[in-house]
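Hi there,

Here is the structure I promised to pass on. Have a look at it first, and my notes follow below.

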Amino acid sequence: MGKLKRWHITTALVTASAAIVATSAVLQTKDFPDIKLTPGVIRTTDVQDICGHTTSVYRNTTQTMKDRVYAEYGIKSHPPGGYEIDHWYPFAIGGADDVKNLWPMPAPQFHDKDKIESMLRTQLCKGSITQQQAKNIIDHWRTYYTEESSNRLGGVWTEDQDDSE
């Protein structure tokens with residue numbers, strides 16, 4: 001019997017994100033880019049465009065772009081799988097394939113952020129959140145995700161499980 005896990009956002013998350021973003025700035029840590037190098041770039045605000053295509057349609061990050069990002073961040077060498085060139089504002093919410101939207105995100109954090117990005121796309125396409133709310137959540141994504149369990153997020157995240165075959 002397979003399990004299908006679905007993450008969804010609650011009204012509390014949207015309300016909390018707006019309050020946090022109103023007074024906070026993105027901090028540079030292992031979970032966040034240097035905002036001077038990676039301020040983030042949005043390709044489109046058209047939700048129909050965002051939701052009407054798979055993100056692979058917009059994925060054109062070249063090795064030259066990746067090398068430039070590593071150089072800007074002072075990373076001269078890195079082990080395979082040690083980093084992912086991440087789109088700060090992901091395609092899933094309208095982010096651009098632009099050097100100013102790219103940064104070297106260390107492993108394994110990029111797997112965690114990918115989960116948030118997927119959830120945000122679903123919620124954006126359902127009309128449950130706006131693009132600005134999605135951007136606000138990305139700006140504070142670590143607040144909304146913990147590796148341990150949804151309970152550690154104080155009820156902001158809930159997990160539905162479908163045990164049907």
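**What I found**

With 36% relative accessibility, cysteine 125 counts as partly exposed, the term for anything between buried (under 20% relative accessible area) and exposed (over 50%), using a 1.4 Å probe and protein chains only. Its partner in a disulfide is cysteine 51, with the two sulfur atoms 1.9 Å apart; the cut-off for calling a disulfide is a pair of cysteine sulfur atoms within 2.5 Å. Cysteine 51 lies in helix α2 and cysteine 125 in helix α4 (residues 109-126), so the bond ties together parts that are 74 residues apart in sequence. The torsion about the S-S bond is about -100 degrees, so this disulfide is left-handed. Cysteine 51 is partly exposed as well, at 25% relative accessibility. The structure holds one disulfide.

Before going further, some ground rules. This is a predicted model, in which local features need pLDDT of at least 70 and side-chain atom pairs count only at pLDDT 80 or more, while totals for chains, interfaces and linings use all residues. Residues are numbered from 1 along each chain as its sequence is written, and side-chain values use heavy atoms, leaving out hydrogens and water.

As for the fold, there are five helices and four strands, arranged along the sequence as β-α-α-α-β-β-α-α-β. Helices (H or I, at least four residues) and strands (E, at least two) are DSSP runs, numbered from the N terminus. Of the 165 residues, 41% count as buried. Among contacts (heavy atoms within 4.5 Å) between residues at least 6 apart in sequence, 76% join residues at least 24 apart.

Which residues of helix α3 are buried? In this helix, residues 63-72, they are Met65, Val69 and Tyr70. Seen down the axis of α3, these residues fall within an arc of 135 degrees (taken from the directions from the helix axis to the C-beta atoms), so they line one face of the helix. Their cover includes β2 (83-87) and β3 (102-106). On the other side of α3, Thr64 and Ala71 are exposed. After α3 comes glycine 74, which has a positive phi, near 75 degrees.

One more spot to look at is proline 33, in the loop between α1 (11-23) and α2 (47-51). Proline 33 counts as buried, at 0% relative accessibility. Its C-alpha atom is separated by 9.3 Å from that of tyrosine 73, which is 40 residues away along the chain.

Best wishes
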